[in-house]
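Visitor: Before we go into details, could you show me the sequence and the model?
Guide: Here they are, and your questions can follow.

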Amino acid sequence: RHRAGEEGNNQQHKHQHQQHTRHKTQRREGQEQSRLEDMRNKTERNQEEEEDTVRFTPLNKGEGEGGGERMNVETQETQETEDKGASSSKGTKRKIEYRKVSVPQHRFTPLKEKWLELYTPVTEQMKCDMRMNLKTRKVELRTTDKTEDSSALQKSADFVQAFVLGFDINDGIALLRLDDLYVECFEVKDVKTLKGEHLSRCIGRIAGKGGKTRFTIENATRTRIVVADTHIRILGSFQNIKVARDAICGLILGSPPGKVYSRMRGICARMNDKF
C-alpha cells in the first residue's frame, strides 16, 4: 500500500510538471508572436511614411541659374561659419583642471562671512569657477574656457588656502598678482619639544606684548606671520621667509627678543645692500 501511494504521488508530480512546462512554452510562443507582429507593424508604418514624404523636384533651366547662385552663396556662408566655429572650438578647447581645498571646522564661519571677497578676485581676475561643497566641506575650483594663464588655478587655490590658514584677504591677493610668493608652515615642536608653561612662554616670546615682536619681524623681513596655537605660518618670498624663520626659531630656542632684533637688522641690511 505504501509503495502504491508513493507511485501515485510521483505520477501526480510528473503530470503537474508537464502541465507547467506546457504553459511556459505557450507563453514564450505568444510573446515571440507579439514581437514579430510589432516589428511588421513598424516596417509597414515606415514604408507608408516614406511613400507620403514629398520629394523635391529638380530646378528648371530658367530658375537654375539664379537658384544655383543662391545655393552656392548659402553653402559658402555655411562653410565659413563652420570653419570659424571649428577654429574657435580648437582654440578654446582646453583640458579642464580641478583643485580642492579642505576647510577645517573653526574656519568655516569666517569663510561664510568673507565668501564674496574671496569669490570676486578668483572669478574676475583669474577667470576660474569656484564653489563650496557643504557635504565634503571643501572649496572646489576649476578652470574654464576663459582662463588664459595656465597657473591661474594653482594661484587661486593658494589664495584660498592662505585664507584658510588665517592670513588676511588683502595679503592673500598678493599670491594672485605675484609669482615668487610662498606659504610655509611649521610647528614649535619641530624646532624644540616644549610642554606646559615653557610652551606658553615660547608663544609669548614669538608674539610679544600686544603682537609687537611679530609686527617687528613682519616689517623687517617684508613677510606676514600667523601664530595659531603652536602652528606658525609665514607668507612671503623665499629669502624673506628664510630670514623670518631663523628669527622665530631663535625665539623658540630661548634667545631674548633684543638679540634676535639686532641679528635680523644685520641680515636685512646685507640683503638691501645686495639689491
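Visitor: What should the 14 residues of helix α5 span, and how far apart are its end C-alpha atoms?
Guide: This is a predicted model, and helix α5 covers residues 152-165. At 1.5 Å a residue, taken over one less than the number of residues, the helix should span 20 Å. That agrees with the distance between its end C-alpha atoms, which is 20 Å.

Visitor: How many of the residues of α5 are buried?
Guide: A residue counts as buried when its relative accessible area is under 20%. The buried residues of α5 include Ala152, Lys155, Phe159 and Phe163. The helix is mostly covered, and of its 14 residues the number buried is 11.

Visitor: Which residue has its charged end over the ring of Phe163?
Guide: Phe163 is one of the buried residues of α5. A charge sits over a ring only if, among other conditions, it is within 6 Å of the ring centre, and here the distance from the centre is 4.9 Å. The residue whose charged end sits over Phe163 is Arg107.

Visitor: Which residue takes a positive phi just after α5, and of about what value?
Guide: The residue just after the helix is Gly166. Its positive phi is about 120°.

Methods. Residues numbered from 1 in each chain as written. Predicted model: local features only at pLDDT ≥ 70, side-chain atom pairs only at ≥ 80, totals over all residues. Heavy atoms only, no water. Lys NZ or Arg CZ within 6 Å of the ring centre and 35° of its normal. Helix = DSSP H or I, 4+ residues; strand = E, 2+ residues; numbered from the N terminus. Buried < 20%, exposed > 50% of the residue type's maximum accessible area, 1.4 Å probe, protein only.
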